[in-house]
Amino acid sequence: MNARTTGADVTDTRTAGPGAGVTVRVPAKVNVQLAVGAARPDGFHDLASVFLAVSLFDEVTATPADALTVTCSGPDADQVPLDRTNLAARAAEVLAARAGISPDVHLHIAKNIPVAGGMAGGSADGAAALLACDALWGLDTPREDLLALCAELGSDVPFSLVGGAALGTGRGELLTPVEAGTFHWVFAVAHGGLSTPSVFREFDRLTEGVDVPVPQASPVLLAALASGDPDALAAALANDLQPAALSLRPQLAATLAAGADAGALAGLVSGSGPTTAFLVRDPESAQKVAAALEASGTCRATRITASPAPGATVVPA
Ligand SMILES: C[C@](O)(CO)[C@H](O)COP(=O)(O)OP(=O)(O)OC[C@H]1O[C@@H](n2ccc(N)nc2=O)[C@H](O)[C@@H]1O
Ligand SMILES: Nc1ncnc2c1ncn2[C@@H]1O[C@H](COP(=O)(O)OP(=O)(O)OP(=O)(O)O)[C@@H](O)[C@H]1O
């Protein structure tokens, strides 16, 4: 296992033992619809984002410490910042500031969600840390206040807390739960990440001079999601950031083609990418599509998941 600790910040490198702290499990997401409006004066984009939580989880463990420290384990741990820019550390800071206490806590992230992959990995850790610190510090912060703190941390963070399936409006932080049947997915993890701001900037460049419509959730997509019918959902998947992600990373076209050739019902870029998501009929076809994607050499790894998954949840000690 690959474990790293912060540099200047490290005073405590313990890994939590049983009962020593609070562990929260938190899911990754895919946007089954991502409608993007024109850039706003504040630089953000209004969205109609249909979020779906999938069964690929990070775990964040909060244990008492003399200072705020972060460690991370997992195959991609070396790509995760361990200073105060880590969203888990920022979550501890905003929660402590609200409560008027010091953010003295050790946060250990067991990372399974691809880093900079368009699956809200950092956001997930932010939401998980918020919940873990709230429980560790016995704050009992009301849910709506936790959601407001999540929105302060990032546009995707409220959904990581809530999980399931939800429509996100505004910059994606204003959530309305939506109904979702069970679906099966294969995710193809790309070599390297993509920066979310750069993908939105590329969207702006590609849509320059175009009258970008006000983003709206598709009733057809929402009905398909509720029905649990994979063929109906496959026909309705849509991501307005996909052309921008493909423009920055043209190799993703080969991954999408490999998934389609392998029998996926549909494929799309997950959020801002570069992870690609493939909707499949059942767990058996998931195995086949994952094997074919890995054999194609067009991705770094695959992950088989189901949806919807629950949001950030304290793991019983
Ligand atoms: C692409 C998505 O993952 C889809 O769910 C999200 O929109 C991104 O959410 P996120 O990573 O939490 O993004 P934030 O941390 O809030 O913002 C990072 C940057 O992404 C861009 N950004 C993000 C959200 C949004 N609605 N419009 C944007 O233009 C902005 O440049 C912003 O400075
Ligand atoms: N806990 C964290 N885990 C991963 N990256 C983090 C974390 N905290 C901060 N970061 C920084 O955020 C950047 C984006 O990582 P993240 O994994 O959140 O991307 P993403 O999944 O594409 O985000 P989103 O889908 O929300 O746009 C990373 O390159 C890293 O520098």
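Biologist: Which residues are closest to ligand 2?
Modeller: Ligand 2 is surrounded by 22 residues, the closest being A120, G121, G122, D125 and T196, where a residue is near a molecule if its C-beta atom, placed from the backbone, lies within 6 Å of it. This is a predicted model, in which local features need pLDDT of at least 70, side-chain atom pairs count only at pLDDT 80 or more, and totals for chains, interfaces and linings use all residues. Residues are numbered from 1 along each chain as its sequence is written, while chains are lettered from A and ligands numbered from 1 in the order in which they are written.

Biologist: Which helix gives the most to that shell around ligand 2?
Modeller: That is α2, with four residues; helices (H or I, at least four residues) and strands (E, at least two) are DSSP runs, numbered from the N terminus.

Biologist: And where does ligand 2 lie?
Modeller: Domain 1 (3–177) and domain 2 (183–307) both give residues to its shell, so ligand 2 lies between them; the domain bounds come from an automatic or database domain assignment.

Biologist: Switching to ligand 1, which residues come nearest?
Modeller: Of the 19 residues around ligand 1, the nearest are G154, S155, D156, R171 and G271, and β2 (22–39), β3 (45–64) and α5 (196–206) each supply at least two residues of that shell. Ligand 1 also lies between the two domains, because both give residues to its shell.

Biologist: How far apart are the domain centres?
Modeller: Taken over C-alpha atoms, the centres of domain 1 and domain 2 are separated by 23 Å.
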